[in-house]
Amino acid sequence: MPNQKAAQQAILVVGAGMSGLTAAIEAAEVGREVYIVEKEAFLGGRVAQMNQYFPKLCSPDCGLEINYRRIKTNPRIHILTMAQIVKIDGKEGDYNVSIKVMPRYVNERCTACGECSNACTVEIDNKFNFGLDKVKAAYLPHAFAFPLRYIIDPSLINTENAKEVEKACKYKAIELDMKEKEISINVGAVIWATGWSPYDASKIMFYGAGSYKNVLTNIQFERFASSSGHTKGKIIKPSDGGIVNSVAFVQCAGSRDENHLPYCSRICCLATLKHAMYVREQYPNAEISIFYIDIRALGRFEDFYNKVKQDDKISFIKGKVAKIEEDKATKELTLRVEDQETQRIINKKVDLVVLATGMVPNTAIDKIPAEIQYDENGFIINDPLKTGIYGAGCIKKPADVAVSVQDATNAAMKAIQSTARR
Ligand SMILES: Cc1cc2nc3c(=O)[nH]c(=O)nc-3n(C[C@H](O)[C@H](O)[C@H](O)COP(=O)(O)OP(=O)(O)OC[C@H]3O[C@@H](n4cnc5c(N)ncnc54)[C@H](O)[C@@H]3O)c2cc1C
């Protein structure tokens with residue numbers, strides 16, 4: 001344990017997506033002890049679920065890997081996965097924080113050999129792939145997980161199979177009696193970077209998400225296109241596994257809508273341009289329709305938009321989709337929309353629909369156990385008069401990775417100043 005002065009100079013980072021990782025590394029590299037508290041069993045946040053990054057369409061694993069390397073070589077960074085904050089008491093320069101850590105049932109002796117999974121007969125929904133497939137109840141969270149360590153789902157504990165799974169591990173890494181624990185730390189500042197969740201598309205009744213098999217959300221579509229996803233990267237019709245001849249992207253699905261999310265998530269247009277490229281790569285002749293209110297691709301992203309527009313099989317149709325219907329027999333989908341440029345009603349038939357749903361800050365539901373300001377949609381507002389706890393990245397506003405990283409660097413600077421003031 002660090003001495004009192006060092007503890008008060010320490011920084012707690014909650015959430016280990018791109019924003020949290022950046023803030024943690026920046027603070028640790030100037031000499032602060034940093035605690036990362038992440039609720040999932042792995043680091044990387046939403047970016048770990050992406051297939052490619054816009055605008056360059058490179059793999060997110062590259063960006064994450066650089067951060068993991070910096071973490072591995074920095075002894076000042078302490079990581080707690082499967083952990084959440086219970087209580088924060090105190091003030092800037094001197095916070096006492098209680099953290100609940102859930103049991104993983106697998107200790108650090110795990111070599112990720114996979115023998116436990118081979119012995120496991122119980123299956124659970126694969127959360128990483130949004131429940132689109134199943135995994136064994138003794139599993140690696142995903143192929144590039146960091147830390148690279150298996151996890152056992154609580155549903156396996158107390159079953160007969162659990163004992164076989166334990167026996168299959170020759171490294172004695174499985175601890176079926178591992179318990180939830182609560183620990184306390186003392187830190188001088190807190191960075192809250194718990195990011196975003198996709199808007200629940202099933203709330204948009206007239207689009208059929210959740211009931212029509214061939215209606216996906218944008219973030220689900222990332223898993224379809226990813227080689228580590230449940231289709232091994234093949235974009236197919238979920239209804240029958242068949243090839244895709246036509247796709248419609250529905251922009252602002254629930255966004256800029258007083259009944260759902262009143263704000264623009266800024267990212268969805270760019271994500272759709274990227275997704276159109278995913279389709280084009282696999283289906284050179286597929287017809288792609290993008291229904292939009294207006295395309296928001298500003299600054300350096302405009303070139304990306306212009307590049308996608310050059311594809312003569314991609315149509316941009318200005319109009320808000322009113323309704324999607326499914327043919328019960330063929331599962332073909334029909335979108336009903338008024339083309340605002342021609343004022344005509346279009347009934348567009350396609351194989352697959354991707355809904356560009358927006359980003360909801362996780363603090364809209366899961367509030368911080370400390371006094372902090374939020375806007376009307378649950379995003380954190382950093383109040384310049386109340387220092388010590390700072391939001392970073394998408395918890396403050398919807399943003400791409402580059403903007404989140406800049407914001408997290410700024411939060412790291414503020415947190416360092418908080419610890420230096422005392
Ligand atoms: C469909 C789609 C595609 C996108 N594609 C791109 C792209 O190609 N390029 C690009 O630049 N940007 C893209 N983005 C945006 C990108 O996802 C964000 O910029 C990025 O995720 C922001 O990182 P973050 O760390 O702020 O949040 P997150 O990635 O959400 O990370 C938050 C972390 O906090 C953890 N957490 C949550 N709650 C708690 C809690 N209570 N306690 C502890 N930990 C918690 C989460 O498990 C997670 O690890 C896309 C967004 C969407 C919607």
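Mentor: Helices (H or I, at least four residues) and strands (E, at least two) are DSSP runs, numbered from the N terminus. The model is predicted, so local features need pLDDT of at least 70 and side-chain atom pairs count only at pLDDT 80 or more, while totals for chains, interfaces and linings use all residues. Residues are numbered from 1 along each chain as its sequence is written.

The shell around the ligand has 37 residues (C-beta, placed from the backbone, within 6 Å). Gly15, Gly17, Gly45, Gly195 and Gly393 come nearest. Helices α2 (18-29), α6 (218-225), α7 (268-282) and α9 (401-421) each give two or more residues to this shell. By class, the shell divides into 18 nonpolar, 12 polar and 7 charged residues. Here Ala, Val, Leu, Ile, Met, Phe, Trp, Tyr, Cys and Pro count as nonpolar, Asp, Glu, Lys and Arg as charged, and the others, Gly among them, as polar.

Now place the shell in the chain. An automatic or database assignment gives domain 1 (4-102 + 180-197 + 360-421), domain 2 (115-168) and domain 3 (200-357). Domain 1 and domain 3 each supply at least three residues to the shell around the ligand. What of domain 2? Even so, 7 residues of domain 2 are in contact (C-beta atoms, placed from the backbone, within 7 Å) with 5 residues of domain 3. On the domain 2 side, the residues that touch domain 3 are 3 nonpolar, 3 polar and 1 charged.

Next, the helix pairs. Two packed helices are described by the angle between their axes and the distance between the axes. Axes are lines fitted to C-alpha atoms, for helices over the stretch in contact, and angles run from 0 to 180 degrees between N-to-C directions.

Take α2 and α9. Their axes are 8 Å apart, at an angle of about 40°. The two helices are therefore oblique to each other (under 35 degrees is roughly parallel, over 145 roughly antiparallel, 65 to 115 roughly perpendicular, the rest oblique). The crossing of α2 and α9 is right-handed (the near helix is turned clockwise from the far one by less than a right angle; anticlockwise is left-handed). On the α2 side, Met18, Ser19, Thr22, Ala23, Glu26 and Ala27 make the contact.

Turn to α6 and α7. Their axes come within 11 Å and cross at roughly 30°. These helices are therefore roughly parallel to each other. Their crossing is left-handed. Asn218, Phe221 and Ala225 of α6 touch Cys268, Ala271, Thr272, His275 and Tyr278 of α7. The contact of α6 with α7 holds 5 nonpolar, 3 polar and no charged residues.

Helix α7 has another partner, α8 (residues 301-309). The axes of α7 and α8 are 10 Å apart and meet at about 40°. The pair is therefore oblique. The crossing of α7 and α8 is left-handed. Leu270, Leu273, Ala276 and Met277 of α7 pair up with Phe301, Phe304, Tyr305 and Val308 of α8. That contact has 8 nonpolar residues, no polar and no charged ones.

Most residues other than glycine have a negative phi, and most peptide bonds are trans. The loop between β2 (34-37) and α3 (60-72) holds proline 55. A cis peptide bond joins phenylalanine 54 to proline 55, with omega about -5°. Leucine 57 is also in the loop between β2 and α3. Its phi is near 60°, a positive value in a residue other than glycine. A cis bond also joins phenylalanine 146 and proline 147, with omega about 0°. Proline 147 sits in the loop between β8 (138-139) and β9 (151-152).

Notes
Two residues are in contact if their C-beta atoms, placed from the backbone, lie within 7 Å.
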